[in-house]
Amino acid sequence: MRRTLSVLVAVSIAPAAFAQAENPPGEYDSYVPTTELSTTAETPPDTALVRRLFTLAFTEPCNAAIDGGYGGSEPQVFDLSYKGSYDEPDAAERKFRLYQFNCNGGAYNFSSVFYGWDELDGLQPISLPAPSVMPTYDEAAGDGDGKLTRLELTGMTASFLATNAEVDTKTGTITSTAYWRGIGDASSTGVWSLADGEYRLVTYDVDASYDGEVNQIRVFDRSQPEVVALPD
């Protein structure tokens with residue numbers, strides 16, 4: 001998940017991004033962020049540098065926060081740790097730093113972007129996987145307002161934007177709930193946990209009914225590991 005990045009966001013994690021060079025603001029074809037502080041395998045990068053990388057990579061989708069709206073683009077920073085699944089039992093926990101940036105918003109949804117740093121892979125934007133669903137409604141009542149008759153799981157997708165996201169400060173777990181309309185009777189909620197320095201989807205719930213009530217259906221559940229059946 002963390003290693004399959006778009007060309008746009010790959011700009012923000014290229015080694016050249018940490019070079020010391022002077023570039024006039026706005027010349028994005030040759031722009032390299034500058035800072036007197038650098039990052040090493042043992043030390044998280046300076047937050048000011050991470051903010052500049054976020055600004056460069058997410059200029060368009062997060063223009064509202066970058067321009068000073070929605071609280072601006074200064075991130076919340078969470079210092080976390082995790083036990084590597086391949087580490088020796090007596091090995092120390094690994095350090096992980098999570099940065100949550102404000103992005104954009106509307107009437108009842110607000111988006112965030114996350115960056116993560118650990119001692120193994122350095123700094124990367126975090127892409128959160130989620131199921132793609134296709135609801136079907138009773139056509140007699142009108143699409144979107146009729147009775148939900150079918151909810152089809154069509155595949156998986158991923159996004160760098162998390163809607164109405166909250167972070168558990170102790171575990172680093174990210175919870176995101178997108179409201180499909182303002183009263184909240186239709187929505188989708190995902191939970192992602194930190195494991196081995198990356199974020200893995202744990203559960204995903206969908207309420208596609210538009211019936212005035214909150215009644216989510218769990219469409220994905222890996223709260224307990226699932227053993228894959230091997231061929232004979």
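This is a predicted model: local features need pLDDT of at least 70, side-chain atom pairs count only at pLDDT 80 or more; totals for chains, interfaces and linings use all residues.
**Overall make-up**

The protein is built with 3 helices and 12 strands. It has 232 residues, and 41% of them count as buried. Among contacts with a separation of 6 or more, 50% are between residues 24 or more positions apart.

**The largest pocket**

Let us start with empty space. Rolling a probe the size of a water molecule over the atoms shows where such space is left. In this model, the largest pocket has a volume of about 230 Å³. There are 17 residues lining the largest pocket, and those closest to its centre are Ala 130, Leu 161, Ser 176, Trp 192 and Tyr 204. Two or more lining residues come from each of strand 5 (128-137), strand 6 (148-159), strand 7 (161-163), strand 9 (174-179) and strand 10 (187-195). Strand 10 is the biggest giver, with 4 residues. What classes of residue make up the lining of the largest pocket? It has 9 nonpolar and 8 polar residues, and no charged ones.

**Tyr 204, by the pocket centre**

Tyr 204, one of the residues closest to the centre of the largest pocket, belongs to strand 11. Its relative accessibility is 11%, so Tyr 204 counts as buried, the limit being under 20%. Pro 131 is 73 residues away from Tyr 204 along the chain, yet their C-alpha atoms are separated by 7.4 Å. Beyond its neighbours up to four places away in sequence, Tyr 204 touches Ala 130, Pro 131, Ser 188, Thr 189, Gly 190, Ile 217, Arg 218, Val 219 and Phe 220. With Ser 188 there is also a polar contact between side chains, at 3.4 Å.

Is Ala 178 buried or exposed? It counts as buried, because its 19% relative accessibility is under the 20% limit. Ala 178 and Thr 189 are 11 residues apart in sequence, and their C-alpha atoms lie 6.5 Å apart in space. Leaving aside neighbours within four places in sequence, the contacts of Ala 178 are Asn 109, Thr 163, Asn 164, Ala 186, Ser 187 and Ser 188.

**Ser 209, in a loop**

Where does Ser 209 lie? It is in the loop between strand 11 (198-207) and strand 12 (217-221). Although in a loop, Ser 209 is buried, with a relative accessible area of 11%. Its side chain makes a polar contact with the side chain of Asp 211 (3.0 Å), and another with the side chain of Asn 215 (3.0 Å). Not counting residues up to four places away in sequence, Ser 209 touches Gly 146, Leu 148, Asp 185 and Asn 215.

| Residue | Partner | Distance |
|---|---|---|
| Tyr 204 | Ser 188 | 3.4 Å |
| Ser 209 | Asp 211 | 3.0 Å |
| Ser 209 | Asn 215 | 3.0 Å |

**Two residues with positive phi**

Most residues other than glycine have a negative phi. Asn 164 has a positive phi, near 50°. This residue is in the loop between strand 7 and strand 8 (165-167). Its relative accessible area is 23%, so Asn 164 is partly exposed. Tyr 210 is not a glycine either, and has a positive phi of about 50°. Like Ser 209, Tyr 210 sits in the loop between strand 11 and strand 12.

**The disulfide**

A disulfide is a covalent bond between the sulfur atoms of two cysteines. The structure holds 1 disulfide, formed by Cys 62 and Cys 103, with their sulfur atoms 2.1 Å apart. Which parts of the chain does the pair tie together? Cys 62 is in the loop between helix 2 (47-57) and helix 3 (63-66), while Cys 103 is in strand 2 (residues 94-105), so the bridge links parts 41 residues apart in sequence. The torsion about its S-S bond is about -90°, and the disulfide is therefore left-handed. Cys 62 is buried, with a relative accessible area of 0%, and Cys 103 is buried with a value of 0% too.

Terms used:
Residues are numbered from 1 along each chain as its sequence is written. Side-chain values use heavy atoms; hydrogens and water are left out. On a 1 Å grid over the protein atoms alone, a cavity is a set of points where a 1.4 Å probe fits but cannot get out, and a pocket is an open set with protein on both sides within 12 Å along at least five of seven lines; lining residues have an atom within 4 Å of a point. Grid points are joined across faces, edges and corners, and a volume is the space filled by probe spheres set on the points. Ala, Val, Leu, Ile, Met, Phe, Trp, Tyr, Cys and Pro count as nonpolar, Asp, Glu, Lys and Arg as charged, and the others, Gly among them, as polar. Buried means under 20% relative accessible area, exposed over 50%, partly exposed in between (1.4 Å probe, protein chains only). A polar contact is a pair of N or O atoms within 3.5 Å; within protein, one must be able to donate a hydrogen and the other to accept it, and residues adjacent in sequence count only if both atoms are side-chain atoms. Contact means heavy atoms within 4.5 Å. A disulfide is a pair of cysteine sulfur atoms within 2.5 Å.
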